[in-house]
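This briefing sets out selected features of the structure shown below.

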Amino acid sequence: MMGPPALAPELTDHIIDFLYDDKKALSACALTHPTWLAASRFHLFGTITIDGDGGADDGIEALGLTARRIRVLSYIRTVKIVSMHSDQRVRRLRDAVSLYQRIQRGLSESDDSTSTPDLPTIHLYIGRRHCDLGEEGILPSLSRISDKVTHLEFSSPILSRRDDLWPFVSSFPDLRSLEVIDLAFHHQGDNRLPPQPGLKNIPLSTIRIDTMSMGFVIDSLLAYADVLKSLEEFGILYEDVRQTALMMVAEAIQGNVKVLRFSAKCHSGTEYERYRRPSAFDISM
Amino acid sequence: MFSEYETGISEFVRKFASLDTLVLDNLGLDVDADHYSIHYSLAWIPAVLRRLSSPIRRLVFEVSAREIFQLDAVPWGFVDELVTDPQNTQFRSLDRVEILVEYKRPPEGGSFLKHRDTLYREFKTRLPEIERVGLLRCSFVSSVK
């Protein structure tokens, strides 16, 4: 007797791929049939968030405690560490790093093969209010994971000092993309502080800037242009009031840039408002 | 003729001599003009496209809109003509023109576009030559505001 008609696994995998951002549907799929499990888990656990501020964290605590039993750690490809509040930022980031290291350990222990498992990369989000990027601030907390951070995003933090930014960025040897959405500073530092001697290259391939502190960013980009040799994608919000400086930036960094993400605003007198920025697209073509 | 502002923008983009992809992003066509004191214009788009210095492969427009008529703020007719004109060497290597539309719908409301096919039909009329030569790609994403 023939069984019910069934779709080939690659077709069901493809269908499940369309549900990539629907956790409820993915959870239901994972429980529907064993052949649907892998594709569902691939999206369910591909990216997990550790909220350094103690908010919603995708049930990561539960995941950490039961990981070996449910064997999902190997599905994790990216861990987002989010620090959006200034209150006890250093301690909370340290806790988030510890949690990441628990995932690392669980992954190593649950791996059956003799080869070293691929450890998840880290996307680090820092936002809102005061943040000290230096040795007295969050830098030491992140030293244990510095080689896993591949994406860094600043979203409206108030940094202690201007000249902390690029040394902080260059402390992540595998950082590939940097996004800056508004910056403010407590104290003025030197915008044009040159890179540390011996720093040959910051391996960033992508920089996206959409910031009210454009003057600072432009100055520091000019200072660091010589060590941004890997830059392939550059995103900028063009402001007509900074035209001369932006031309200098373009000349300094354009060498390897293959992708330009460009938007523009013009000013009405001296007063302007920024367009509200649409969230990033994340769709399959 | 282009204004000083438009010329300035096009000069900036022109500096990038090795471009493979140009993404015109953040085209917020759903911006509430009354709420913003900024002079809102997309007149710089023709200037930028006309003065590109390198032959690009991908041209991408990332747009957010609430209503179909808002899409018409972009000078599509100009884009269609310029991109498919064989005299314009900067578009000779083009293998796709991508239109990404984001729609932030109110919780109670439906979408003015139902899916990618609908969007494609909309742009088929706006970019007829680009569609005819097979370069048009459309993607649509809808999210609750």
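Predicted model: local features only at pLDDT ≥ 70, side-chain atom pairs only at ≥ 80, totals over all residues.

**Contact of H9(A) with H1(B)**

- The crossing of H9(A) and H1(B) is left-handed.
- On the side of chain A, the contact is made by Gln243(A), Leu246(A), Met247(A) and Ala250(A) of H9(A).
- From H1(B), Gly8(B), Glu11(B) and Phe12(B) take part in this contact.
- Sorted by class, the residues in the contact of H9(A) with H1(B) are four nonpolar, two polar and one charged.

**Buried side of H2(A)**

- Helix H2 of chain A spans residues 23–30, and within it Leu26(A), Cys29(A) and Ala30(A) are buried.
- These three residues lie on the same side of H2(A), because the arc they cover around the axis is only 100 degrees.
- Helix H1 (9–17) and helix H3 (34–44) of chain A are among what covers the buried residues of H2(A).

**Packing of H2(A) against H3(A)**

- The axes of H2(A) and H3(A) cross at roughly 155 degrees and come within 8 Å.
- Since angles over 145 degrees count as roughly antiparallel, this crossing angle makes H2(A) roughly antiparallel to H3(A).
- H2(A) and H3(A) cross in a left-handed manner.
- H2(A) contributes Lys23(A), Leu26(A), Ser27(A), Cys29(A) and Ala30(A) to the contact, while H3(A) contributes Trp36(A), Leu37(A), Ser40(A), Arg41(A), His43(A) and Leu44(A).
- The contact of H2(A) with H3(A) comprises six nonpolar, three polar and two charged residues.
- Leu26(A), Cys29(A) and Ala30(A), the buried residues of H2(A), also belong to its contact with H3(A).

**Chain B overall**

- Chain B contains five helices and four strands.
- Read from the N terminus, the order of elements in chain B is α-β-α-β-α-β-α-α-β.
- Of the 145 residues in chain B, 32% are buried.
- Counting contacts in chain B between residues at least 6 apart in sequence, 82% connect residues at least 24 apart.

Note on methods. Residues numbered from 1 in each chain as written. Chains lettered and ligands numbered in written order. Buried ≥ 20, exposed ≤ 12 C-beta atoms within 10 Å, placed from the backbone. Helix = DSSP H or I, 4+ residues; strand = E, 2+ residues; numbered from the N terminus. Arc of directions from axis to C-beta. Contact = placed C-beta atoms within 7 Å. Axes fitted to C-alpha atoms, helices over the stretch in contact; angles between N-to-C directions. Parallel < 35°, antiparallel > 145°, perpendicular 65-115°, else oblique. Left-handed = near helix turned anticlockwise from the far one by under 90°. Nonpolar A, V, L, I, M, F, W, Y, C, P; charged D, E, K, R; others polar.
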